[in-house]
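Please read them with the structure open beside the text.

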Amino acid sequence: MAYTDSDIDALLPLPAATFHILLALAKEDRHGYAVIQDVEQRTSGEIRLSAGTLYRSIQRMLDQGLLRETRDRPAPEFDDERRRYYRITPFGEAVAGAEARRMADLVRMARAQGLVLGKA
Amino acid sequence: MRFYSALLHLYPSSFRAEYGGEMRAILGVRLRQTTGKLSRLMVWAETIADVVVNAVAAHWDILRQDLRYTARTLARSPGFTLTAILVTALGIGANTAAFSVADFVFLRPLPYADADRLVKLWERPPGYRNEVSPALFREWKTSSKSFEAMGAYFGMAVNLVGQGDPQRLESSAVTADLLPMLGVQPILGRLFNAAEERENNTGPVVLSYGVWQSQFGGDKGIIGRSIILDGNPRVVVGVMPMDFRFPNRDVALWRLMGTDEQSDDDIGNTYWEVLAKVRQGVTVEQARAEMDLIARRLEQKYPNDLQDMGVYVYQLHDEFSNQSRLLLLALCGAAACVLLIACANLANLLLARALTRRKEMLVRTALGAGRERLVRQSMTESLVLAAAGGTLGVVVAFLAVPLLTRLVPMTLPIAESPSIDPRVLLFAGLLTAITGICFGVLPAWRSAGQLDLGGLGDGARSGGGRRQRARSALVIAEVSATVVLLISAGLLMRALLRLQRVDPGFKAERVLTLRTALPMSRYDSTARRAAYYRDVLAGVRGIPGVSSAAYITSLPIAATGGVWPVVPEGRSLTRAETENASSRFATPGYFASLGIPLRRGRDVSDTDETDQPWVAVVSESFAKHYWPNEDPLGKRFKFLSDVRTVVGVVGDVRMRGPEQPSEPQVYLAYKQIRDGQSLFYAPRDLVIRSSVPAATVIPVVRRIVRQVDPQQPISNIKMMSTIVSDVTAARSVQVRVLIAFAAVAFLLAAIGIHGLLSFTVSSRQHEIGVRMALGAQRGDIVRLVMWQGVVLAAVGVLPGLAIAYAAGRAMQSLLAGVEPGDAVTFAAAGLLCVVMTLVGSLLPTMRAARVDPATAFRADA
């Protein structure tokens, strides 16, 4: 799918749940519950997505073209046919990257004003 | 888990279908991983909160999408959008305006404490209702048990001097227990009390907010101040709040009646109005039954005066005429018709649009949009249209309500005009929602229900039989409602024209009238009044362009009171047997000034004084009634406590306007009043016939009156023609509104016929082409299309005629003798329906006749 910078900018800043879902799918395809678990682990249990928030986000992200559903299934012994698997799209990667840069810029600015301790 | 499945129904069904299974699975895992009752309870609490929050958000997401989509599609067809919004605005505007007036008059409680327990009591001689005498009031008050309070009042205009220009104000003389019954507290000072009444203290007055502001500049120190009313000093004891009105909106102040005024023993001297408050727990019916018993008892006590005399007990809220009620109800009915037609028209527009968008819908279905999503989208669209129309409709209502104020009965103690308030807005909102759902739901289900993918390849020509029937039914309903509106408006218009043509018995054109009511404290001698009339009339008659001028007790139509029993000489009659005549005292020249023809004898004259024979000029019907086939001149009768001799006969005047029968009339000489008697009937209205515009005459009259008596106010300046047209003003407003409604309905129904036939023609183009190829003539095709229009119209007209006749019967008392089945009106409505059908069918028929068989086939290829 072709996209422009303005398509990306139109979505920024991302809602926190959207960003976390993109992070969870960055390396591998996952089903919904796996996304919840991944986010929970990565944030040391600080963020636990509810089912409603997850699927509402997924629905919107599918519409926005950040994700797509994938037909590639894991090996049958690990699969559950009720499950749907999601994959990040190139546009999704671009948006996640842009969001990360936006946040990094913010952090840099805050640090320049002495608001954040630690090194760049 | 079953509970969770049920909970998931809060989500849009498309969302549930897509993700419900996985959400259940996730909850299952969580519950399995959780041990301990408390923890599981926590999980459930979180889950419920999650579903509620996200379900609302999911619906909102869809709504936003649908709204965006709706905005785009509507913007693509501005003609359709504008039509739909305007039609809705008209329907909702008409109904909101009608509701705001009807709610104001019928539904809203009057602004008094326990308003539903307030009743008016009237004397009921056979066949009509009458005011009550102080003596009868005392009987009622002492013997009835159903009421916790009973008070009386009568209206009286008074002159206020000493505050700038002298002013003529409407006032109400009340007994002490009247105002407290209404439960409204004054904003300054206090109400009257029984002690003041017993002291025979006629001093105190309570001011209305309006007069306090306009005459006393809202002075907070007004309490305790003395003001001069009709030459008597009165002490202001209270000021009422701004929105307090009683008994009507014109009353500017209330004066306490003294016990001497209340102690009149003549049970036939009826001029009080009686208000009472029914005891808690007693129904109006029970009070009525008790008053009937009391009436029977009083009949025996006063056999001469109260024979067959009953009592009317009305709720104060119903104190307006049946005519007012019908005029308003007819207006509401007509507004409902307009809304029905508007809805039918919109449903038709949307159905037609749904058909043209079949392909789009099919594509969306093929792309995975569920039926529910399509219905929802379609409903969003119709609700958006309805909301836009409804908003515009409220604006329409806002503009229309002031035009309808003539329909608010003057007899009710409420403001002149209703305001568009939250209640009315709520009504408009509900109406908008119902309208949106009504005209949206049918096309939505139809468009979603009949989709099958086979339609994609097809030329998408046919609307399908069922749908065609639905659209035809809508058009038929429109035609029926239009017929009802056309006929109702026609009947009421004929009634209005008939009333306006009724000869009032005088010539109202170029007659200026105004009032100079003399304060009787200074003018209680007849000679003083005569001098005043002489000087003013001499001055007025000298104004260039004035051909005649005279004083009269009260103008016809504007005042209907002053009705007294007549006893012809040589007969003795009980009160029940006597018949009444209306009485007026006149100066010479009154008949000439008002253009009332003198048939026999002479006018009253300046020489008819108290030492001369007491004379009367009577109307033709009076003479005919008492002395049929005899010469009335020289006949004598007892009237207003004296015996009078007929010296002249004049034409009859319709004292009560064109709609009601009038009592016969008696005119008395202005000088034949004994000093201090009948002061209420002393002439006060000046009638001036002039060939120059009123605007040039009025300032001169003002100067003349000021020269004769500098303290004398002038009020009620009106053209006599305005007084006459005011009688039918409420009707003419209503008829104009109804005609406007009927015109709108006519137009919408024609558009409906046009739309349906156009659609038929375009969807049957192929068939028409085949017929023409097979040798059908253009005439046959024209007949084919026209026939459909004629059938639609005919099927719609027939029930319309029946309903219109029923509506006519229901409002027969408004029709002033025009029959509910009036042939002229029905014929005219029928003719208009033919025109409507022709206009509606014209373009589609022409298009059908122009179909080229070759093109029709090509289009299908």
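**Notes on the predicted complex**

1. The strands of chain A that I would look at to begin with form an open sheet of three, in the order β1-β3-β2 with antiparallel pairing. Because β1 (30–31) and β2 (67–70) of chain A stand at the edges and have a single partner strand each, one side of each is left without a neighbour in the sheet. The model is a predicted one, and the points below should be read with that in mind.

2. Within this sheet, β2(A) runs antiparallel to strand β3 (residues 85–88) of chain A, and four bridges join the two. A pair that can be located on the display is Thr70(A), which stands opposite Tyr85(A) in β3(A).

3. Among the contacts in chain A with a separation of 6 or more, 59% are made by residues 24 or more positions apart.

4. Turning to the contact between the chains, chain A contributes 14 residues and chain B contributes 17 residues. On the side of chain B that touches chain A, the elements giving two or more residues are α2 and α3 (37–76) of chain B, and the largest share, nine residues, comes from α2(B). Sorted by class, that side of chain B has 11 nonpolar, two polar and four charged residues.

5. One helix pair across this contact deserves a careful look, namely helix α4 (residues 51–64) of chain A and helix α2 (residues 13–33) of chain B, which pack at an angle of about 145° with their axes 10 Å apart. The crossing of α4(A) past α2(B) is right-handed. From α4(A), the residues Ala51(A), Tyr55(A) and Gln59(A) meet Phe15(B), Tyr19(B), Met23(B), Ile26(B) and Leu27(B) of α2(B). The residues of this helix contact comprise seven nonpolar, one polar and no charged.

6. In chain B, strand β17 (residues 636–639) has two faces that can be told apart: Phe637(B) and Phe639(B) make up the covered face, whereas Arg636(B) and Lys638(B) make up the uncovered one. Strand β13 (residues 563–568) of chain B pairs with β17(B) in the antiparallel sense over two bridges, and Phe637(B) is the bridge partner of Pro568(B).

7. The strand β17(B) is also joined by four bridges to strand β18 (residues 642–650) of chain B, again in an antiparallel arrangement, with Arg636(B) opposite Thr645(B) in β18(B). The two strands β17(B) and β18(B) form a hairpin with two residues between them, and Leu640(B) in the turn has a positive phi of about 55°.

8. On confidence, the predictor gives the complex an ipTM of 0.86 and a pTM of 0.76. Chain B has a mean pLDDT of 87, and 96% of its residues reach 70 or more. Its confidence is highest in strand β16 (residues 615–619) of chain B, at a mean of 96, and lowest in helix α25 (residues 853–860) of chain B, at 66. Over residues 452–463 of chain B the pLDDT is below 50, although this stretch has 17 contacts in the model beyond near neighbours in sequence. Where pLDDT is low, the predicted coordinates should not be read in detail.

Definitions and conventions
Residues numbered from 1 in each chain as written. Chains lettered and ligands numbered in written order. Predicted model: local features only at pLDDT ≥ 70, side-chain atom pairs only at ≥ 80, totals over all residues. Axes fitted to C-alpha atoms, helices over the stretch in contact; angles between N-to-C directions. Left-handed = near helix turned anticlockwise from the far one by under 90°. Contact = placed C-beta atoms within 7 Å. Nonpolar A, V, L, I, M, F, W, Y, C, P; charged D, E, K, R; others polar. pLDDT = per-residue confidence, 0-100. Buried ≥ 20, exposed ≤ 12 C-beta atoms within 10 Å, placed from the backbone. Pairing = 2+ DSSP bridges.
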